[in-house]
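Please keep the sequence and the model in view while working through the numbered points.

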Amino acid sequence: MTASSARPASASVGVRRFYSVPEAARLIGTAPVTLYRAIRAHEFPAVRIRGRLIVPAQALDAMIETAISEQSVISAAAWVQVSAESARES
């Protein structure tokens, strides 16, 4: 079994699974320092690998979908809390 055959289907070439904090900040139109502060305050989802923080693309997509489906402004901090609670219930 090669490394490429062990890769999950969702990790196909060209599909971003994670963004650096500066990339995610650019995508949502905020300064990287603002996003770092939100992550540190547990108000925005991120994954820490050693010292590096990365933002899951799926989290950004889910926040966008929630804002569109509810046709309202969502609070990232509240969204993170609700997502964490629903994950614990699963």
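1. Helix α1 (residues 21-28) packs against helix α2 (residues 32-40) at an angle of about 110°, and their axes lie 8 Å apart. Axes are lines fitted to C-alpha atoms, for helices over the stretch in contact, and angles run from 0 to 180 degrees between N-to-C directions. The two helices α1 and α2 are therefore roughly perpendicular (angles of 65 to 115 degrees). Val21, Pro22, Ala24, Ala25 and Ile28 of α1 make the contact with Pro32, Leu35, Tyr36 and Ile39 of α2, where contact means heavy atoms within 4.5 Å.

2. This is a predicted model, in which local features need pLDDT of at least 70 and side-chain atom pairs count only at pLDDT 80 or more, while totals for chains, interfaces and linings use all residues. Residues are numbered from 1 along each chain as its sequence is written, and side-chain values use heavy atoms, with hydrogens and water left out.

3. The chain contains four helices and three strands, in the order β-α-α-β-β-α-α from the N terminus. Helices (H or I, at least four residues) and strands (E, at least two) are DSSP runs, numbered from the N terminus.

4. Of the 90 residues of the chain, 24% count as buried (under 20% relative accessible area, with a 1.4 Å probe and protein chains only).

5. Val47 belongs to strand β2 (residues 47-49). Because its relative accessibility is 30%, Val47 counts as partly exposed, the class between buried and exposed, the latter being over 50%.

How values were computed
Angles under 35 degrees count as roughly parallel, over 145 as roughly antiparallel, 65 to 115 as roughly perpendicular and the rest as oblique.
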